[in-house]
Amino acid sequence: MPLGSLRPSPLVEQATEHLREQITQGEWPVGTRLPGENALAKALGVGRSTVREALRALAGAGLVQARQGSGVFVIATESAAGPAEGWAARLRRAAITDVYEVRVIVETQAAALAAGRRTDEDVAALEAALERRSRAAGADDAAFVDADIALHAAVVAAAGNPVLSDLFAEFAPALRERLIDLVELLGLREHDRNPGHDTHAALVTAIRDGDGAAAEEILRTELRQTLSHLHAH
């Protein structure tokens, strides 16, 4: 069965469904090693990052498994995910753009709440997290992304709502690996090892000064910029 090129959008969802059909309809039986990312990207008419997202979704559904140094193999022809799947499993197999859209909603509101509720301890934690993010500029992409996520977690924590903090904690693992890929794919740190520093510093200042509207807008602009990169790739 030919794969066929895909329509422009939504690419990740379409790529996932096309690859899923190859597996569930028996074109790629259990034990089969899938073509490489480059070959799949060419066949589907998409970028490698889209193929990578699709393979992650299939892995989260229990259909494929990546084996270090060997490739990606089919391990089942029926999805292990069912109606009772957990929230964490749902996030693992979700498209990153879907996760990020929810992140924008959650974090911008958290930033506004944080500006009105922050304590002296929260402000100190935010400033420390900002400093750690700056220091991480000298480290690799994974360490920098970890420091960035830690700063955002501190913003959510300053909102003083444990449910929001728990929700962000569920998002973090789903975001981390994909953000590392995005930083590498777009070369975001090639010319600036600490991208977004001024924006994040302004965010911390707005929360410290109790300016909820500014905090919300600064974070919305920053997150939507990243989301636009994700949609484009």
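## Salt bridges and the overall fold

A salt bridge here is a side-chain nitrogen of Lys or Arg within 4 Å of a carboxyl oxygen of Asp or Glu. With that in hand, a search of the whole structure finds 13 salt bridges. Please keep in mind that this is a predicted model.

The protein is built from 10 helices and 2 strands. Reading from the N terminus, the order of elements is α-α-α-β-β-α-α-α-α-α-α-α. Of the 233 residues in the protein, 43% are buried. If we take contacts between residues at least 6 apart in sequence, 70% of them join residues at least 24 apart. The exposed surface comes to about 11600 Å², and carbon and sulfur atoms supply 52% of that area.

Let's begin with helices α2 and α3. The side chains of R52 and E37 form a salt bridge, with an N to O distance of 3.3 Å. R52 sits in helix α3 (residues 48–60) and E37 in helix α2 (residues 37–44), so this pair ties together parts that are 15 residues apart in sequence. E37 is partly exposed, at a relative accessible area of 23%.

Because D181 belongs to helix α8 (residues 162–186) and R56 to helix α3, the pair ties together parts that are 125 residues apart in sequence. Buried or exposed, what are D181 and R56? Both D181 and R56 are buried.

Further along, D148 and R133 meet through their side chains in a salt bridge of 2.8 Å, N to O. Here D148 comes from helix α7 (residues 141–158) and R133 from helix α6 (residues 120–135), a link between distant parts of the chain that are 15 residues apart. D148 counts as buried at 11% relative accessibility, and R133 is buried too, with a relative accessible area of 3%. Salt bridges that share partners also join E37, R48 and R52 into one network.

## The hairpin

Now for the strands. Strand β1 (residues 64–67) pairs with strand β2 (residues 71–74) in the antiparallel sense, over 4 bridges. Across this pairing, V64 stands opposite V74 in β2. In the hairpin of β1 and β2 there are 3 residues between the strands, and G69 takes a positive phi near 80 degrees.

## Nonpolar cores

In soluble globular proteins, nonpolar side chains tend to be buried together. In this model, the largest nonpolar core has 40 residues. Which residues have the most contacts inside this core? They are V99, Y100, L126, L175, L203 and I207. Helices α5 (96–117), α6, α7, α8, α9 (197–208) and α10 (212–232) each supply at least two residues of the core. Helix α8 gives the most, with 10 residues.

Leaving aside residues up to four places away in sequence, V99 touches L91, A94, F171 and L175. There is also a second, separate core of 19 residues, which includes A15, W28, A54 and A76.

## Bringing it together

Note on methods: Residues numbered from 1 in each chain as written. Heavy atoms only, no water. Buried < 20%, exposed > 50% of the residue type's maximum accessible area, 1.4 Å probe, protein only. Contact = heavy atoms within 4.5 Å. Areas by Shrake-Rupley, 256 points an atom, 1.4 Å probe, with all protein chains shown as cover. Pairing = 2+ DSSP bridges. Core = buried A, V, L, I, M, F, W, Y, C linked by side-chain atoms within 4.5 Å.
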